[in-house]
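I opened the model and kept notes as I went.

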Amino acid sequence: GSVVDMPSVFPGIGTAQAKRLMQQRDSAMAQIPEVEMVLGKVGRAETATDAAPMSMLESTAILAPREEWRPGVDFDSLIAEFDARVRSPGVANMWSMPIKNRLDMLATGIKTPVGIKIFGPDLATLERIGKEVEGLLPAVKGTASVFAERAVGGRYLEIDVNREEAARYGLTMADVQHTIMAAVGGMNVTRTVEGRERYSVNVRYARGLRDEPEDIARILVATPTGAQVPLGQLAGIRFAEGPPMIKSENALLNSIVYVDVRGRDIGSYVEEARDRLRQNLDLPPGYRLEWSGQYEAMERANRTLRVVVPITVAIILLLLYMNFRSVTESLIVMASLPFALVGSVWLLWALDYNLSVAVWVGLIALAGVAAEIGVVMLVYLDQAYERHRAEGRVRNRHELLGAVREGAGERVRPVLMTATAVTAGLLPILWGGGTGATVMKRIAAPMVGGMVSATLLTLLVVPALYALWREAQLQREWERSPERPSEREEPIPATTG
């Protein structure tokens with residue numbers, strides 16, 4: 001129900017300019033009919049967990065209920081409209097959702113879907129590498145914006161006290177620094193009590209007397225003799241560049257390149273971007289790149305799934321073997337799983353869903369349901385086969401196929417009822433919306449698509465595989481039998497036609 005606009009601008013931006021930029025962006029977003037309200041913030045809040053510099057803006061757009069949106073407008077088209085309205089030179093846009101953005105920032109420190117952490121010992125070199133990456137990645141398909149942090153892009157006012165000049169007037173370093181602190185930075189002189197509230201009273205020069213270096217140079221410093229000396233005679237005052245924020249991780253300095261990806265899955269994007277950087281970026285010794293952001297979470301999930309999926313399949317196979325006491329029958333049921341995935345893949349493609357953890361959850365759930373339907377079919381095939389065999393009615397291929405048809409026919413209605421119940425229960429999720437619908441749709445989609453192909457497989461392919469297996473089994477039994485073929489009514493033919 002809300003969208004977060006968290007653009008990145010170059011460091012050194014002033015408070016007034018940052019405020020003006022945020023107001024312009026908020027006003028542009030508020031003009032979109034689907035937006036009810038926009039709230040903006042610049043810089044760091046009064047909390048230790050939000051170490052945001054002045055160059056990080058953040059606005060939250062509260063959206064109207066989905067039923068009030070214009071016809072044809074969805075979340076993706078809304079983000080595209082936001083992006084087009086607020087795009088401006090020197091500003092890298094990034095769009096997310098509030099809780100998702102907070103979780104990404106806490107987990108990886110990256111606010112965009114993909115982030116590149118550059119590690120090394122020198123800040124200037126880190127900034128140079130970041131600029132090179134910023135110039136290379138826009139050529140990769142799916143790149144919406146790229147912004148490299150400026151490791152030394154901050155602007156500072158340096159006041160270097162001349163110790164000899166200060167000593168000539170009988171002043172110490174502490175005397176000069178105390179005057180600078182009181183006049184420019186301000187000093188707490190008292191505290192006022194307002195009921196249960198306490199407020200510190202800070203005193204310093206008015207803004208007009210400390211806005212420019214020339215104004216600061218005219219600040220008077222009191223000497224022990226009572227004379228007043230301008231600060232410009234005691235210190236050199238100049239602007240200098242420096243790091244706006246020093247970041248480190250694992251005892252190494254680092255800088256981050258933020259990459260916003262749209263219209264493409266993150267996995268294939270990172271692979272192509274990594275190849276491009278490998279071919280065109282020359283890293284000095286002692287420097288390395290590390291891909292982070294949502295991609296890092298995706299890789300962590302993939303590592304988990306590489307363990308979970310095989311274990312799930314192995315457990316299903318073990319349970320099947322414990323039930324049938326036959327490896328062949330267990331494998332026949334397991335053969336239904338790849339066929340069940342066919343429908344899932346087609347529906348995921350039709351809905352334009354990328355592979356994700358939610359999709360994998362749906363696929364794992366589908367594997368269990370498909371195996372369950374296959375077990376039900378195989379149990380009735382076994383019962384029909386054993387009944388016909390006990391009655392002596394499995395003497396040739398024609399009678400074998402009749403037994404298989406009878407067993408499969410008894411299961412048509414239960415299999416269709418199972419598939420219909422599962423599909424009907426999941427279709428409202430595919431049609432629904434609201435909070436959490438994005439994840440739930442990606443869980444339901446593979447199950448709905450897979451149930452169609454799993455049902456067709458269970459009714460058509462499993463009986464056919466079962467018939468081929470039983471026919472080969474009976475052929476081997478006849479070949480081991482001491483009776484002559486003439487003494488049997490009709491041998492099972494070696495070929496299946």
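**Entry: A64**

I looked up A64 and found this residue in the loop between β3 (57-63) and α2 (75-86). I take helices (H or I, at least four residues) and strands (E, at least two) as DSSP runs, numbered from the N terminus. The model is predicted: local features need pLDDT of at least 70, side-chain atom pairs count only at pLDDT 80 or more, and totals for chains, interfaces and linings use all residues. Residues are numbered from 1 along each chain as its sequence is written, and side-chain values use heavy atoms, with hydrogens and water left out.

Is A64 buried or exposed? A64 is buried, at a relative accessible area of 10%. My cut-offs are under 20% relative accessible area for buried, over 50% for exposed, and partly exposed in between (1.4 Å probe, protein chains only). I then listed contacts (heavy atoms within 4.5 Å). Setting aside neighbours within four places in sequence, A64 contacts E34, E36 and W69.

R66 lies over the face of W69, 4.2 Å from the ring centre. The test asks for NZ of Lys or CZ of Arg within 6 Å of the ring centre and within 35 degrees of the ring normal.

**Entry: aromatic pairs**

How many aromatic pairs does a search of the whole structure find? I got four. Rings of Phe, Tyr and Trp (its six-membered ring) pair if their centres lie within 6.5 Å; planes under 30 degrees apart are stacked, over 60 edge-to-face, the rest tilted. I noted two of the pairs in detail.

F10 and F147 have ring centres 5.6 Å apart and planes at 50 degrees, so this pair is tilted. F10 is in the loop between β1 (2-5) and α1 (15-30), and F147 is in strand β6 (residues 143-148), so the pair ties together parts 137 residues apart in sequence. F10 is partly exposed at 38% relative accessible area, whereas F147 is buried at 7%.

W346 and W349 have centres 5.9 Å apart and planes at 85 degrees, so I logged the pair as edge-to-face. Both sit in helix α11 (residues 336-351), three residues apart, about one turn of the helix. W346 is exposed at 57% relative accessibility, and W349 is exposed at 63%.

I went back to F147 for charges. The charged end of R150 sits over the F147 ring, 5.8 Å from its centre.

**Entry: H388**

H388 is in helix α12 (residues 357-390). H388 is buried, at 5% relative accessibility. What does the side chain of H388 make a polar contact with? I found the side chain of E406, at 2.6 Å. A polar contact is a pair of N or O atoms within 3.5 Å; within protein, one must be able to donate a hydrogen and the other to accept it, and residues adjacent in sequence count only if both atoms are side-chain atoms. Not counting residues up to four places away in sequence, H388 touches R393, V394, A403 and E406.

**Entry: packing of α8**

I listed the buried residues of α8: I266, G267, Y269, V270, A273 and L277. They pack against β5 (114-120), α4 (123-136), β6, β14 (252-261), β15 (288-293) and α9 (294-324). The face turned away from the buried side of α8 carries the exposed residues R278 and Q279.
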